[in-house]
Amino acid sequence: MDDKREDALRLQVEWAEERTALGIARTVASWARTGLGAIGVALGMHVVFRDPSQVMLGRLAATLFLLIAVALFIGGNVQARRLHRMLERERDIPIHNSYAPLTIALIVATTLCGVLLWTL
């Protein structure tokens, strides 16, 4: 009877850990979506301020939103790392943070977008 109870409790803990891991993934996705939205606003600012007298204003506004996007990407990764460390403390096993390559790729893409906005 005790073995069955222990197995049931162990299964509940595993499911809770799985839900937490999925929650971390949803958190990172939310931060990334918000950052991508900021990139969309940046591109919109660049298009809205096409008048030659307002080009610099459009570029500055777009750059601000691109910087916000980078901050959001970094914030999502920092949040995921913090949550992963909490899980590692509970489980005593290292958990691989696979969000760093995604964060780097998004930052590089955002930087390239900024370079294009300033050169075109």
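Helices (H or I, at least four residues) and strands (E, at least two) are DSSP runs, numbered from the N terminus. In this predicted model, local features need pLDDT of at least 70, and side-chain atom pairs count only at pLDDT 80 or more, while totals for chains, interfaces and linings use all residues. Residues are numbered from 1 along each chain as its sequence is written, and side-chain values use heavy atoms, without hydrogens or water.

The protein has three helices and zero strands. Their order from the N terminus is α-α-α. Average pLDDT (the predictor's confidence in each residue, from 0 to 100) is 88. A score of at least 70 is reached by 93% of the residues. Confidence is lowest in helix α1 (residues 2-48), with a mean of 88. It is highest in helix α3 (residues 100-119), at 94.

The C-alpha trace spans about 80 × 20 × 15 Å along its principal axes. The radius of gyration, taken over C-alpha atoms, is 21 Å. A compact globule of 120 residues would have a value near 14 Å, by the rule of 2.2 Å times the number of residues to the power 0.38.

Contacts are heavy atoms within 4.5 Å. Of those between residues at least 6 apart in sequence, 72% join residues at least 24 apart. Buried residues (under 20% relative accessible area, 1.4 Å probe, protein chains only) make up 28% of the 120.

Side chains include 13 positive and 11 negative, counting Lys and Arg as positive and Asp and Glu as negative, without His or the chain ends. The centres of the two sets lie 12 Å apart, each charge being placed at NZ of Lys, CZ of Arg, CG of Asp or CD of Glu.

Terms used:
Buried means under 20% relative accessible area, exposed over 50%, partly exposed in between (1.4 Å probe, protein chains only).
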